[in-house]
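This briefing is meant to be read with the sequence and the structure open side by side. It takes up domain contacts, helix packing and backbone geometry in turn.

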Amino acid sequence: MRRWLLWLPLAVFALAMAFAVRELRKPTDRTVYSAMVGKPLPTFDLPPIVAGKPGLSTADVQGQPRLLNIFASWCVPCIAEAPQLMKLKAMGIPIDAIAIRDTGPAIRQFLARNGDPYTRIGDDRDSQVQLALGSSGVPETFVIDARGVIVKQHVGDIRDDDVADLAAAWRAAR
Amino acid sequence: MIAEAGLVALWLAAALAAMQLMLAALAVSRNDDTLARAARPVAVVQGGLALLAMAALIRVFLQSDMSVALVVANSHSAKPWLYKFAGAWGNHEGSMLLWVTILGVAGGAVALLERRVAERTLTATLGTQAAIALGFYAFLLFSSNPFARLPNPPSDGQGLNPLLQDPGLAFHPPTLYAGYVGLSVAFSFAVGALITRDVGPAFARAMRPWVLTAWVFLTIGITAGSYWAYYELGWGGWWFWDPVENASLMPWLAATALLHSVSVLATRDGLRAWTVMLAVVAFSMSMLGTFLVRSGILTSVHAFAVDPERGTFILILLSLYIGGALALFATRIGVVRAGNTFELVSREGSLVANNLLLSVILGIVLIGTFYPILAAAMGTQLSVGPPFFEKAAGPIALVLVVVMAAGPLLRWRRDTLGALVRRLTWPIVATGIAAVALVVAAGWFNMLPMLGLALAAGLAVASVAPLAGRNLLRTPLFVYGMVVAHLGIAVSLAGMAASTAFTREVLVAKAIGESATVGPYRVTLRGIRPVIGDNWSALEARLDVQRGDGSTRLLAPQSRFFSNPPTTTSESAILTAFDGQLYTVLGQPDGTGRWQLRFWWKPWVTLIWFGGLLIAGGGALSILGHWLRDRRQKKRAIEAAEAAAHREAWAA
C-alpha cells in the first residue's frame, strides 16, 4: 500500500474536526427569519381594531417607505419597545401595525398607557397575515420600501441600539 | 451523603485511571513486568469504583432525593419505581455516567480474564482503556457532574419525559451502551497491538470474544430500540433513519465488518491492517454516536450553543482518541508484516467483499446523517430522510445479501466459480421460486421489496447449506452460530420487505358502533372511557377486532395525559397474529361525537425483530463455541505436555 494512503483516514478525520470546531465557534443565532425578506408584501386587508384608527391593507403600505410593527397588548416585550417606537415616529418615520390575537378595548388601553406611534392598526385575530409575512412571534418589525417590498426584518423588541439601524434601513429604502 | 459518596467514588476512579495509564506507559516503555502486573488490579478496582458511583446515582433516584439537581430535572416522587430506577440514565449526565461505568467494568474484565495475548500488548491495551476512561471521567467531573446538589431543594421534581416512561428505558440504553462501550475494548486492543507492533492471530483471537459480545449487545439494543419506537411513538414505523438511530446503526455496521475480518485474522492470519482500522473505526463510530448525538450536537446544530463548553470538551476528547489512533495507525501499520494472501474467489475474498460493502453502507449512513449539518453551515436548511437512505443503501444491502449467501459456501484461500455455483444451486432455485410465486400471488409490485423477499428466501436456504453433508453432532457450535445469525438476517429482511410492500393503512373518523376494515380485520369502535394510571390519566378506546368469521378480540389504544411534565402520548394497541400485526392508535375527537382512529395491518412485521433476536442468538452461540473450543484445546495441550513429561521421566 502507498504510504500516503495510510494518512488518508487521519486527514479526513482532521478535516471533519476542523469543521466541527468552526461550527462550535460560530455565534449561534436561533432566530427564525422570514423567507419573505426581499419579496413584496403578501396581499391582505385587515379591518380596524380601535375606533378612529383605520385598518391596514396591502395597498395602504405602498407609496412611501414605512415600518410595519407586529405587536399585541398581551406581549410584554412590546411594552418594552414602545418608547423606541415613539422615538422612531418622532424622527418622522411612518409606522403601521398589525395587532395579533387581540381585542379593541385591550389595544386602546395599551396605547393609552404606552403611547401611540401608529398610523394604522390592522386586526389580525387569527394570525393569518402574521404567518403570511413569515413572522414567528411578537414583537417583530418589518421595513417596507415604497414599492411594498420587505427590505428588512427585525425579530424581537427594538432596543435603544436598534433605533439607528432601523432608521438607516428606512432611509435607505427611500 | 450518598450523592457525595458517588462523587468521591467517581474521583477515585478517575485517579486510578490516571495511575493505570502511567503504570502501563512505564511498563511498556521500560519493558518492566512488575509494573505491568500492577496495572491489572488497578483496572479491576477502577471498574468497581465506577460501578459504585453508578449505584449511588441509582440510589438517589430511587430515594427521590430532591436536593440533587439531576433528580429534580428528570424525576418526580410520584413516578413508578421502575422509571425512577431507569430514569437515572434517562438524561445526559446519568447516561454519560452509565457509559463510563460500562467502560470501567469492561476494562476491569479484560484485566481479570485475558490470558491469551502477550503481556506487553495487554498492558498497552489496559493503558489505552485507562486513557479513554480518564478523558470521560474528566468530562463528567468538570462539565457534567451528575451528583451536583441544589442550594435550595424544591419540594418535588420536574418529571421524566413521558415517552421514556416505558419498560423499554430499563433495558434499551444499558444494552446499547454495553455494545458501544464493548467496542472500546476492540479499540484498545488495536491500539495496544499497534504500540507493541504485535498484530497477529493471537491478538485477533483475544479480541474476538469482545467484538462478538459487543456486537450481540448492539444487535439486541438496536432490535429492542426499534420495537420500542414502533409501539411507543404511535407512527407504526420500525426504522426512521433519524440521527440517533443512525448513530447506533453505524457502530453496528462497523462491528459487523470487524467481526468478520477478525475471523480472517484469527484463522488465516490475513487482513491485518484492515482489522486494526475497523477496530478503530467501530469505536470511533460509537463515540461519535453517543457523544455527538446524545449531547444534542448532531440532532441540531443549535445545540452547539446550548453548552459550548461541553461541545468543546467532547471535540477535544474525540480528536485525542480518534486522531491519536489514526496517527498511530499511519505510522505503525507499515511496520506490521503483511499477513497471508489469498485468491479472489475464496472465503477470504467474500469476506473482503462483505467488509467493503458494509463500509460503503456505513459511508452512506454517515454522509446522510452529517450532511444536514454541513449544508446548514453552508447556509441551506435541509433534512435527509428515508428516501435517500433506502435508495442509496437498499440496493447495496441486497448485493451484500448475495455475497452473504455465497461466502460461507466458499473454501478458504482458493476456490472456483463453477464449484460455488454448484453449491449455490438450491439457494438460486429458492430465490427463483419465491420470485415467481410472489408475482403470481401478489402481482408486480415495488421492485426493492420484491427483490428483498426473493433474496431472503435464497439466503435462508444458503445459510443452512453449510450444514449439509456434515455430521450435525460434531459440527462446532460457532458454525451453528454463523448459520443462525445469517438465517436471522434472512428472516429480518423478509419481515422488512413484506411489511414495506404489503402494509395497509386506514385513517378514519368513527362514531361509537361504527366499524372499518383494514387488511383481513374488521374493527368496530365500541366505546371510549377514561382510565387513571399511576401518574397519568387517559382516554381509552374499546375496539372489537374480528378476522373473518373468527372470534372477537378486544384492543384498547389510549391517548395518555401526563401532568409532570404536561404531555400527551399515544399508547398504541397491537394485536399480534402469526402472520403480522394489527396496529391501532386513538387520535382526537372531532367535536361531533366521532373519534379519529388510525389502523395499520402489517403483514409479517414481527419477523424483523425475531430476525434481530436470531442474529444476536447466533452471535451468542459463536462466543460459546469459540470458548468451548479454546478450553478443549487448552486441555489437550496440557494433557500433551503432561504426557510428554511422563515419557521423558520414563526415558530418563
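In this predicted model, seven residues of domain 1 of chain B are in contact with four residues of domain 2 of chain B.

**Domains of chain B**

- The domain assignment places domain 1 of chain B at residues 1-160 and domain 2 of chain B at residues 504-604, and the centres of these two domains, taken over C-alpha atoms, are separated by 44 Å.
- Between domain 1 of chain B and domain 2 of chain B an area of about 380 Å² is buried, with carbon and sulfur atoms giving 54% of it.

**Helix packing in chain B**

- Helix α18 (residues 477-502) of chain B and helix α19 (residues 606-651) of chain B have axes that come within 7 Å and cross at roughly 170°.
- Because angles over 145 degrees count as roughly antiparallel, α18(B) and α19(B) are described as roughly antiparallel to each other.
- The residues that form the contact of α18(B) with α19(B) comprise 17 nonpolar, eleven polar and one charged.

**Backbone details**

- The peptide bond that runs from A:Val138 to A:Pro139 is cis, with omega near -10°, and A:Pro139 lies in the loop between α6 (128-133) and β6 (140-144) of chain A.
- B:Trp241, although not a glycine, has a positive phi of about 55°, and B:Trp241 is located in the loop between α8 (201-232) and α9 (243-268) of chain B.

Definitions and conventions: Residues are numbered from 1 along each chain as its sequence is written. Chains are lettered from A and ligands numbered from 1 in the order in which they are written. This is a predicted model: local features need pLDDT of at least 70, side-chain atom pairs count only at pLDDT 80 or more; totals for chains, interfaces and linings use all residues. Side-chain values use heavy atoms; hydrogens and water are left out. Axes are lines fitted to C-alpha atoms, for helices over the stretch in contact, and angles run from 0 to 180 degrees between N-to-C directions. Helices (H or I, at least four residues) and strands (E, at least two) are DSSP runs, numbered from the N terminus. Angles under 35 degrees count as roughly parallel, over 145 as roughly antiparallel, 65 to 115 as roughly perpendicular and the rest as oblique. Ala, Val, Leu, Ile, Met, Phe, Trp, Tyr, Cys and Pro count as nonpolar, Asp, Glu, Lys and Arg as charged, and the others, Gly among them, as polar. Domain bounds come from an automatic or database domain assignment. Contact means heavy atoms within 4.5 Å. Buried area is the accessible area (1.4 Å probe) that two parts lose on being put together, summed over both.
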